[in-house]
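Thanks for coming. Please have a look at the model on the screen before I go through it.

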Amino acid sequence: MMTEIQEIEIQKQYMQKVAKLIENKDLKYTILTMGCQLNENDSEKICGMLEEMGYRKTEDIEDANLAVFNTCCVRENAEERLFGKIGNLKNLKEKNNLIIAVGGCMMQEQHILDKIKKSFSYIDIIFGTHTLHKLPEDLYKVLEDQKKIKDVIDIDGNVYEDLPIKRNSKTQGSVTIMYGCNNFCSYCIVPYVRGRERSRKPKDIINEVKELASQGYKEIMLLGQNVNSYLRSEMEAIQQGKLKDEAGDYKEINSFAKLLRAINQIEGIERIRFVSPHPKDFTDDVIEAIADCGKVCKCIHLPLQSGSTNMLKVMNRKYTKEQYLNLVEKMKTKIPNIKFTTDIIVGFAGETEEDFEDTLDVVKKVGYEQVFMFIYSRRVGTPGDKMPNQIPEEIKHKRFDRLKDLVESQIAKTNKSYLGTAQKVLVEGPSKNNEKMLTGRTESNKVVVFEGDKDLINSIIDVEIIEDHMWYFKGKVL
Ligand code: SF4
């Protein structure tokens, strides 16, 4: 069997072969990414591979020779959106000989593959979450042999290093530290489409962060479905006498806390963030590392999902309302001025009015900086989909509106406390809504828009907060 290193070597050869095939043809690609930051990071690798092969990026589909869709299956409406877009491409495919490649999480679902076979047989390449690295080979076969490729496998998953990458941001570098998930929350499809938890080797992550620092990146976003169980599976395997040859790779860094401490020492990096941690895995060593490491932002995303112990049990979250609140209190005691953001699902199967009140209660007690709120939508293949006591849409929407009102009133109050303060802001670039203004983020991840010289981009500066607009602040450079 081939090792991951050998597999990547083969793909590099395919990159050269494609580059030769399309030489001097000025071919362009366009990419649509759905879903989370992990998917965004996967798309950065897709773009990296395509540009290595000689394709250039275009935002104009009419101008593209290759259209790539990197899909997500976490939200219900994503399927309609994807198929609507692919349906619209049929004419363009005939007119421009457009190659269509569709990959990512959705392609790991059988009912999606069946639908593609039935209604969208003109798609050229289908790749899954475990075969993204094989895009060069798949593309070569389409270009050279005019074949249709379906490259989806269902495995626990491997870790592939050394793929080219074309990053979207010039200030924040995303670094995936682990793949997959072992938690099987009952509403979530991710463990079924992304396989079991597996972590990248510490040295590969450290090298990537050093490389980003050398390119001038100031902020690092560590990514994983469950970042604070980084290396847990590997350490368990070593304890069971497996992975003997690799044990030396984890001598210095063998946990998420140690990884944070190591990245904190990398010169040039000034901010470290991570998503998503799981409350049940928030061990004391991680809390101490956050407190000790000056570069780790003291704004932690701590997904709640529900404030009701009953619902958390049904959701298979493995913590109670009290444990979550105790964790928040412990972190507030150990880390001065710590702030929190969270995710909440409204209307999961069986949620009673009392359960929902518990969620509101936690929101009031924690006082989040930001809450990402979702109305529960059933995902085929998850236990939640088979639960009999689904909540009527009307009730879900009413609860969602009540939660939204509470969150907005809390954020409005919190925002007032920023007025007149000086905040350290990492300047990201021109504001999307007003090219004459700059935009950046505070350590607590609040957006600040202000007038300033473009030379300030990618530096951390002091900005006074002068106006509060709910989802962003207006500031003045100090
Ligand atoms: S921790 Fe739960 S919600 Fe997060 S990816 Fe894993 S199963 Fe899904």
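Predicted model: local features only at pLDDT ≥ 70, side-chain atom pairs only at ≥ 80, totals over all residues.

Residues are numbered from 1 along each chain as its sequence is written, and side-chain values use heavy atoms, with hydrogens and water left out.

The ligand is surrounded by C181, N183, F184, C185, Y187, C188, V190, P191, Q225, H278 and R317, where near means a heavy atom within 4 Å. That shell has seven nonpolar, three polar and one charged residues (Ala, Val, Leu, Ile, Met, Phe, Trp, Tyr, Cys and Pro count as nonpolar; Asp, Glu, Lys and Arg as charged; the others, Gly among them, as polar).

Next, the helices, which are DSSP runs of H or I with at least four residues, numbered from the N terminus. Helix α2, residues 37–52, packs with helix α6, residues 135–145, at about 50°, axes 10 Å apart (axes are lines fitted to C-alpha atoms over the stretch in contact; angles run from 0 to 180 degrees between N-to-C directions). Therefore α2 is oblique to α6 (under 35 degrees is roughly parallel, over 145 roughly antiparallel, 65 to 115 roughly perpendicular, the rest oblique). I46, M49 and L50 of α2 meet L135, P136 and L139 of α6, contact being heavy atoms within 4.5 Å. These divide into six nonpolar, no polar and no charged.

Helix α14, residues 353–366, and helix α16, residues 393–416, pack at about 10°, with axes 10 Å apart, so α14 is roughly parallel to α16. Their contact has six nonpolar, one polar and five charged residues.

Terms used. Helix = DSSP H or I, 4+ residues; strand = E, 2+ residues; numbered from the N terminus.
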